[in-house]
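Work through the exercises below with the model open beside you, and try each task before reading its solution.

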Amino acid sequence: MSDVTVTTSAATPPAGDGRSTRWNSHRARRHDDLCRSARRAVHHQGPDLSMDEMAGAMGTSKSIVYRYFKDKAGLQAAVGEMVLAEMAQAFGAAAEGGGPPRERLRAMIEVYVSMLASSPNVYRFVTRIEQAGTMSTFMAQVQRYLARLLRQVLAEAGSDLRFAVPWAAGVVGFVRGTGEQWLAADAEQRLEPQVLIDLVADWIWLGTATVPGDPADTNAP
């Protein structure tokens, strides 16, 4: 269905009416299509597009964009939710996939660095939505994935499993800080993405050697 067939004056069909389901389904599909179009526009033209420029790049009118997203912040939040949901799924697959913990840790770092390297404009656009809480919720989810992986490392080392949560928070902050410094650097000063991934993974993994053993064993002879 084209944009012109959706009118602001059209009343939503009554609940229970088959037309209501079709209408809601149409709106959900159209919402997602517009999010993907906005993401492509940002990817190719940058994160600072005005709403007029954004609508033009999306191939629709500004009134249609406002109809579905209210304002630019709403569009930004919707695109952010879509992108972060995809990244969270990729993080989960990496953290809970096969292979030893070190390989899974590296795979998680690769998800993040690959996002920065392949679509820096989208990353910048998405990370501006932190005030809405979407980004902080995403980071908390990534910390939970990491904490589960780190508990396995701690268990195998005979260490206190309580270390996993603060350790995960530190890892997330470290990786994000390193990635954003890399993104902000002049292109000629940047490491190759795969080099950065290996380097960060090694830095984090070497930290496992500093994790103390079980506190119950500290007084053992």
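A residue counts as buried under 20% relative accessible area, as exposed over 50%, and as partly exposed in between (1.4 Å probe, protein chains only). This is a predicted model, in which local features need pLDDT of at least 70 and side-chain atom pairs count only at pLDDT 80 or more, while totals for chains, interfaces and linings use all residues. Residues are numbered from 1 along each chain as its sequence is written, and side-chain values use heavy atoms, with hydrogens and water left out.

**Exercise 1.** Find which residues of helix α5 are buried.

Solution. Begin by locating α5 at residues 101-118; helices are DSSP runs (H or I, at least four residues), numbered from the N terminus. Then apply the cut-off, which gives P101, R104, L105, M108, I109, Y112, V113, M115 and L116. An α-helix has 3.6 residues a turn, so residues three or four places apart point the same way.

**Exercise 2.** Describe the surroundings of I109.

Solution. First, I109 lies in α5 and is buried, its relative accessible area being 4%. Next, leaving aside neighbours within four places in sequence, look for contacts (heavy atoms within 4.5 Å): I109 has them with V175, I197, V200, A201 and I204.

**Exercise 3.** Determine how α5 and α7 are arranged.

Solution. The axes, lines fitted to C-alpha atoms over the stretch in contact, with angles from 0 to 180 degrees between N-to-C directions, come within 10 Å and cross at roughly 165 degrees. Angles over 145 degrees count as roughly antiparallel, and α5 and α7 are therefore roughly antiparallel to each other.

Methods
Helix = DSSP H or I, 4+ residues; strand = E, 2+ residues; numbered from the N terminus. Expected span 1.5 Å × (residues − 1). Parallel < 35°, antiparallel > 145°, perpendicular 65-115°, else oblique.
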